[in-house]
Amino acid sequence: MPGAMKGKEKKMKLMTKSIAKTIPAIGSTDGLDKKDVKVRLKIFNPCGSQTWFVTEYDPETEEAFGLVDLGFGFPELGYFSIRELQSIEGPLGIGLERDLYFGKTSSVSLHDVTSEGGVQA
């Protein structure tokens with residue numbers, strides 16, 4: 001069938017070395033006001049409503065910290081594994097994706113992506 005996918009498409013790399021270099025270490029933003037904590041990476045499910053906003057990262061363990069919104073109306077701060085997110089395969093074999101345009105034109109703080117900040121990215 002013309003246009004049909006042959007085999008599996010390569011999944012998008014969620015965390016690149018160049019992005020990892022820009023993300024503060026785990027625990028380094030503790031105690032800062034949410035307005036001062038910058039979101040460095042947005043990962044989302046193109047087939048659903050789940051979104052992960054990364055504010056801290058450990059490249060050795062591939063563990064991240066940030067705001068997680070699973071689409072139930074109750075986003076929370078927490079730790080998550082980039083390696084596990086990379087392994088998720090949704091409908092039609094589509095994995096999670098990195099938002100290529102997130103934060104390109106302006107700086108986005110943790111405050112901005114929470115409901116009290118008023119902006120739902």
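Reader: What makes β1 and β2 a pair?

Author: DSSP has to find at least two bridges between two strands before they count as paired. Strand β1 (residues 41-44) and strand β2 (residues 51-58) are joined by 4 bridges and run antiparallel, so they pass as a pair. In this arrangement I43 stands opposite W52 in β2, and a hairpin of 6 residues joins β1 to β2. This is a predicted model, where local features need pLDDT of at least 70, side-chain atom pairs count only at pLDDT 80 or more, and totals for chains, interfaces and linings use all residues. Residues are numbered from 1 along each chain as its sequence is written, and side-chain values use heavy atoms, leaving out hydrogens and water.

Reader: Why is β5 called a strand, and why a partner of β1?

Author: A strand is a DSSP run of E with at least two residues, while a helix is a run of H or I with at least four; both are numbered from the N terminus. β5 covers residues 97-98, so that run qualifies as a strand. It is joined to β1 by 2 bridges, antiparallel, and therefore meets the pairing rule. F44 stands opposite E97 in β5.

Reader: Which elements does the protein have, and in what order?

Author: There are 2 helices and 5 strands, running α-β-β-β-β-α-β from the N terminus on.

Reader: How do you know how far to trust the model?

Author: By pLDDT, the predictor's confidence in each residue, from 0 to 100. The protein averages 86, and 87% of the residues score at least 70. Where pLDDT is low, the predicted coordinates should not be read in detail.

Reader: What makes a residue count as buried, and how many do?

Author: Buried means under 20% relative accessible area, exposed over 50%, partly exposed in between, with a 1.4 Å probe and protein chains only. Of the 121 residues, 33% count as buried.

Reader: What share of the contacts join residues at least 24 apart?

Author: Among contacts between residues at least 6 apart in sequence, 54% do.

Definitions and conventions: Contact = heavy atoms within 4.5 Å.
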